[in-house]
Amino acid sequence: MLGTGSASAAEEVIPLAAWRAPPRDTLPVARWWWPGGSVESERIESHLRQIKDAGFGAVELQPLLLGLGADDLAADPELRSVGQARFRTRVATAAASAARLGLDFDLTLGSGWPGGLPTGKQNAERELRMTSFDVSGPLHFEGALPSPPDQSYRRAVEWVLDVLGPPDTEAALFVVLAGHLGPARGGVPTLREVRDITSRATGGRLDWRVPEGAWRVFVFYSSSTEHFVMGGAFPGEEADARVVDHLSQRGADALLEGYASPLIDAIGSGQVREVFVDSFELMGELPFASGFRDAFKTRMGYDLTPHLPLLFRKGGESKYGEMMDLLGRNGGPLYLAEHSGQAERIREDYEEVRRSLFEEQFVRRFSDWARARKLRLRLQAHGGYGDYLDTYAIADVPESEGLFGGGSFDFLKLAASAAHVAGRRWASSEAFITLRIFGTHLSEDEMRLLAGRAYSAGINRLAFHGVPYPYQRADAGIWYPFSGGFGRILAGPLPMSSQIDAATLATLHDFTRFLARMSVAMSRGEPAADLAWLRSDPIYPDAASFQFGRITARDGESETTRALRARGLVHDRVSRRMLAAARVEQGRVRIGAQTYRAVLLDPVEVATPALVERLVRIAEAGIPVLALGALPERATGFRDAKMRDARVRAALEALSARVLRVGQTDSLEALLKKHVRPGLVEPVSGENLAVSLDRRRIEAGDTLLLVNESWSSHVARLRFVRAGGELRRWDPRSGASERLRESVAAGDEIALKLEAAESLILTLRSLE
C-alpha cells in the first residue's frame, strides 16, 4: 500500500519537523546534463555543491550532445566517450561526490533518447515495409520483385529532427502476398482474398500463375528502421547508436548489458538510488520485431500473415510524424477486408500483441533488472507502445513531463493515477519545460503555476529540466542543450525553457523549499480520490504547446475535468485492464490499491467481455456508473468474435438499465451533483469551484491541496461534507502555518483567498 504506514490519532497530519526541514526524498531532482563525457573531477564536486545549496535533493545524470556542433566535436574527443571505461570512472567520481554532499544520485539508462547505443542491427528497432504492384489474370507472371521502399514517414520526421539514417540496405524479404482486389469502401481499397505466394519468389524474382481477376502483389521486407539515438554521446558516428528493439527482450538486454550494468558495476553498490527511462519516440512503417509473427500466433491463435496489408497505416507510425500531421492525412488504413469490420478487429489484435510485448519483454525487463540490483525504476511511459496507464504502473516511480501533451493537467494526471492504483508513494514529473518562442528562462511566477498544476494533478515530486554542467563550447559560448537554432545537434529549432544556469541556481533555494514543502504534504498517507474515470484510449496524443508570452493557465484541459473540479471531486484515470480487474468492497469499487465511490466512463464502442461484465457487477452493487458517450456493442479482436460479441451484448443489456448516460438523462454536472458527493469539501450552494484540488488521507486526518491556476486572485468558498477536528492552513511558499478552527462540523463553510498562481494546503484532523 502507498504511504507511511498507519498513524495514531495523536500523530500530526503534517509533521512540523518535516515541514520546517524537508527530508531529502521530498526535495526536487535536478536533471544534470553532461556534455558527453567531457567533465572534470574538480568541477564536478563544485557544481554538485551549487546544486545542493540551491535546495535539490538528488541529481539525475544524462550525458548528451544536444546543443553542440561539429566544431565542438572536433576540438574535444571526450564529448564522445560515453560508455567507455574513462567515462564510467568519471560517473563513479560524481556518485561518490554526491554521496559526500548528501545528494541522491540517479542515472538515465543511456545517452540521448529514446533508448539505444552502438549495436548491431539484430538488436535494433525493426519494421515491416510494404510495396506492391498490380497484375490481371489469367496470366503467367515472371519478373523481378520491387526493391524495398523508403519509409513513408521519413519526410515528416526529418522536418522535425535529424534522427534517421539511410534506409536499411540489408532489408530481408519477409513474405509475398497476392490480394484479389474488391470494390473500394469509403475510398479505401478492399481485398476479397489474400494468398501467400512466397514460395513462388526466388532470388528476387517472382514466378506466379495469376488467377483470373485484378490482383495486387504485396512484397514485405523486414528491416531496421535505422533510427538513431538523438543526442547520443557514444563513440563513433551519430548513426552508429541505434534505437534498440522495444518489442523484444533482446533489445532491452542490449541496453542493459552494453551500457547500464557495466556503469552500475563501476559506480559500486549502494551509490545509485534510481535509474530512469526517458520517454519513447519510436517509429516504424509497421513496427514488427523479429519473432512478432510467432508471438502473435501463440497469443491470438491464428496466423497474421495473410492479414498484413490490413495493418499498415497511411504515413506509417512515428510520433514525430503524428505531431506534424496538421491536415490529418495520416493514420487511416491503406486496405480493408471484404467483410466490414474485419480489418479493424485484426488491427486490434495486432495492437494488443504489440502492447504486451512492449510491456512484458521490454519494460518489465528493466523493472526486474532494477529490483535485482536494489534500484528503483523511474519511467516515462508516454510515446511507447503500451497502454500508458499500465506501463506507468510497472515503474516504482511513474514520471510524467511538462512538454509531452502540452503538459496539461489531463496528461499529468495519468502518471499520478497509475502511481495511486499501483500503490506507489511517488509520482514524478519532468517539470519547467516549454517550447518558448523567445528565451530559455521562466519566471518564478510561471514556475509556481506549473508546479501547482502538477501537484494538483497528483504529482508529488518534480525533476527540473534541467541543470547543465558548466561547459564552454569551441566558440567560447556557454553550453545549453536546448537553446534551439540551426547547425548543431538539436532537439528541434525552437529553444526550450527553463535554463537553470549558475546565476539561476544562486536564487533558487526559496523556490525549491516551496516545492519540498508541497512534497512533504502530498506524499503523506494515501491518495483519496472520489471517482475512477476510465481512459478508453491507451495513449495520450502528443501536442506541442508553444509559449509566445507567459505560461497559459489551464492549457489543454478537458471539459470533463472542469466539470469534476467544479463539484470539488478528485479523480484518478484508470485503464481498461485496471477497471476489468476491479472488485466491489463495502459499497465502493477497489481498483488496485485504491477505492472509489463512483466510476466515469469515456465513450467505449468496443471492449473485452470481462470489462463489460465487471461494469455490470459494479452497477448492480449500487455504485454510480456514469457514461460520457457510447457503450460497447461488440468485443475487441478477431478470434472467436461471435461468441465474445454475444457476451458483450448480454452484459450491455444489463448495464444499459443501470448506467447513468450523460446527455440522455442529464448533464454531467447535474449527474455529479445528484449521485457523487465529494469526500471532504464541496462548493457552497449555487457555486462552482474554480480552484484545483487534490487530497490525501492518513489515520490522523486529511490533507487538502488548493491551487489557483490562474493569473488573477480568487476566493474559494468551501463547505465541509463531514466533521473533523482542528482545521489548519499551511503556506508552502512562506512556511507559515496557522489554526483556522478548533473543529469543523458537517456543513460548515470557509472562504479562502488565493492569489494568482498560489497553492495552499489545509489539514483537518480526524475526530478522536
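**Notebook: barrel, sheet and cavity**

I began at E274, which stands opposite R376 in β15. Four bridges join β11 to that strand, β15 (residues 376–379), and the two run parallel. For the record, strands here are DSSP E runs of at least two residues and helices are H or I runs of at least four, numbered from the N terminus; two strands pair if DSSP finds at least two bridges between them.

Ground rules before going on. This is a predicted model, in which local features need pLDDT of at least 70 and side-chain atom pairs count only at pLDDT 80 or more, while totals for chains, interfaces and linings use all residues. Residues are numbered from 1 along each chain as its sequence is written, and side-chain values use heavy atoms, with hydrogens and water left out.

**Confidence**

I checked pLDDT, the predictor's confidence in each residue from 0 to 100. The protein chain averages 94, and 98% of the residues score at least 70. Residues 1–9 stay under 50, and for that stretch the model has 25 contacts beyond four places in sequence. A contact means heavy atoms within 4.5 Å.

**Barrel**

Which strands close into the barrel? I read the order as β1-β2-β3-β11-β15-β16-β17-β19, eight strands with parallel pairing. The twist averages 30° from one strand to the next. Angles here run from 0 to 180 degrees between N-to-C directions, with axes fitted to C-alpha atoms (for helices, over the stretch in contact).

I followed β15 on to β16 (residues 397–401): two bridges join them, and they run parallel. L379 has P398 in β16 as its bridge partner.

On the helix side I looked at α6 (residues 249–267). It lies across β2 (58–64), β3 (104–108) and β11 (274–277), running at about 160° to β3.

**Open sheet**

I found six strands in the order β21-β32-β33-β38-β35-β36, an open sheet with antiparallel pairing.

I then took the pair β33 (residues 701–707) and β38 (residues 759–765), which is antiparallel over seven bridges. L705 stands opposite I761 in β38. Helix α13 packs on this sheet, touching β32 (692–698), β33 and β38, and its direction makes about 140° with that of β33.

**Cavities**

I counted six cavities of 30 Å³ or more. A cavity is a set of points on a 1 Å grid over the protein atoms alone where a 1.4 Å probe fits but cannot get out, and lining residues have an atom within 4 Å of a point. Points are joined across faces, edges and corners, and the volume is the space filled by probe spheres set on them.

The largest cavity has a volume of about 190 Å³. It is lined by 21 residues, with G402, G407, I433, L450 and R453 nearest its centre. Two or more lining residues come from each of β17 (428–431), β18 (434–436) and α13 (444–456). α13 gives the largest share, four residues. I sorted the lining into ten nonpolar, eight polar and three charged residues, with Asp, Glu, Lys and Arg as charged, Ala, Val, Leu, Ile, Met, Phe, Trp, Tyr, Cys and Pro as nonpolar, and the others, Gly among them, as polar.

Most residues other than glycine have a negative phi, and most peptide bonds are trans. I noted a cis bond between G137 and P138, omega about 5°, with P138 in strand β5 (residues 126–144). Another cis bond joins H465 and G466, omega about -15°; G466 is found in strand β19.

Where does Q586 sit? I placed Q586 in the loop between β25 (583–585) and β26 (588–591); Q586 is not a glycine, yet has a positive phi of about 50°.

Terms used. 1 Å grid on protein atoms, 1.4 Å probe; cavity = no way out; pocket = protein on both sides within 12 Å on 5 of 7 lines; lining within 4 Å.
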